[in-house]
Amino acid sequence: MTRRKAILASLLSAIGAGGLYWHLTRAPSAASVRTRLTRSSVPKPAAPLAVFHLGHSLVNRDMPAMLAQMAPGGHRYDSQLGWGTTLQAHWGHAPINGFEAENAHPRFRPALEAVRSGDYDAIVLTEMVEIRASIRYYDSPVYLARWAGEALKARPDVRLYLYETWHQLDDPEGWLERLDRDHDRYWLSRVLGPALERLPAGSRIHLIPAGQVLAAFVRAVEARGGLGNVRDRTDLFSRAEDGTLDVIHLNDLGNYLVALVHYTALYQQSPLGLPHALLRADGSVAVAPDSDVARLMQETTDSVVRNLGLSGLSA
């Protein structure tokens, strides 16, 4: 074996053939992805949607349940979740950690069966974070395109979305700083752009920009020194019984904000005026944002989703 072939074999083994392709070629620019998606709008749904959520604990059970309460009567949803699960693992190429625990509820449906069924108007696809690891080791754009391709084969009019999430609050680069940088450098240019290039011309995967809305809302709240029952970013995140902060998983307030982002993208309309006293998936009463907090969450969501122009919503 020549030295060149040996190096190539090592790279293939380390990061996978799909990952190698995107590491050794120039990824689409964020600007080109933005241009492609801002030129396409999605018609406002004429009826309540059936939605399938594929992902992990940053989807969780409560956020889709909150979305269903915001949506028109008749909205229905199912999901397949795991703990920190990649799109590759959901495809069946690796064990799904936490599968039994996360899917022990009536909304579970096996992912490939669901996506291939054509039963859903919209499919929301979620990649593992740390997003850099997902891109480098788990071929994010390859598997995003595979899931999208299966959905389009089953139902050409299906609405496809990539759920842009976030990373840990204690990230050494800075939480807000990474939300700002990762949007272009990873979510658009290294995940969404390459996936779109693997799909037939005219295919679209729109964005649910939860990370961008979180950043904008936190900046607005912290600039005011707090508002209502949200003093700063930590009030959007869960805590253990002993008060220890969970630096990645949201609490009821954070889930409410993320549900607003899903609503705005999926239903193509403003979230202003939506209810803010909701139930969790198990029927218990969720902690509600104070009315002024809910209003700011709704205004921020509306502004960010419209101005980004990546969710199919007309500006």
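Helices (H or I, at least four residues) and strands (E, at least two) are DSSP runs numbered from the N terminus. This is a predicted model, in which local features need pLDDT of at least 70 and side-chain atom pairs count only at pLDDT 80 or more, while totals for chains, interfaces and linings use all residues. Residues are numbered from 1 along each chain as its sequence is written, and side-chain values use heavy atoms, with hydrogens and water left out.

**Stop one: Thr126**

Select Thr126, which is found in strand E3. Is Thr126 buried or exposed? Thr126 counts as buried because its relative accessibility is 1% (buried means under 20% relative accessible area, exposed over 50%, partly exposed in between, with a 1.4 Å probe and protein chains only). Now show its contacts, meaning heavy atoms within 4.5 Å. Leaving aside neighbours within four places in sequence, Thr126 is in contact with residues including Leu54, His56, Thr85 and Tyr163. Zoom in on Leu54: the side chain of Thr126 reaches its backbone oxygen at 2.9 Å.

**Stop two: Asp121**

Next, select Asp121, in the loop between helix H6 (111–117) and strand E3 (122–126). Which side chain does the side chain of Asp121 meet in a polar contact? The partner is Arg155, at 2.7 Å. A polar contact is a pair of N or O atoms within 3.5 Å; within protein, one must be able to donate a hydrogen and the other to accept it, and residues adjacent in sequence count only if both atoms are side-chain atoms. The side chain of Asp121 also reaches the backbone nitrogen of Ala50, at 2.7 Å.

**Stop three: H8 against H9**

Colour helix H8 (residues 140–154) and helix H9 (residues 175–197): they pack at an angle of about 45°, with their axes 8 Å apart. Axes are lines fitted to C-alpha atoms, for helices over the stretch in contact, and angles run from 0 to 180 degrees between N-to-C directions. To see the meeting point, show Ser140, Pro141, Leu144 and Ala145 in H8 with Arg190, Val191, Leu192, Pro194 and Ala195 in H9.
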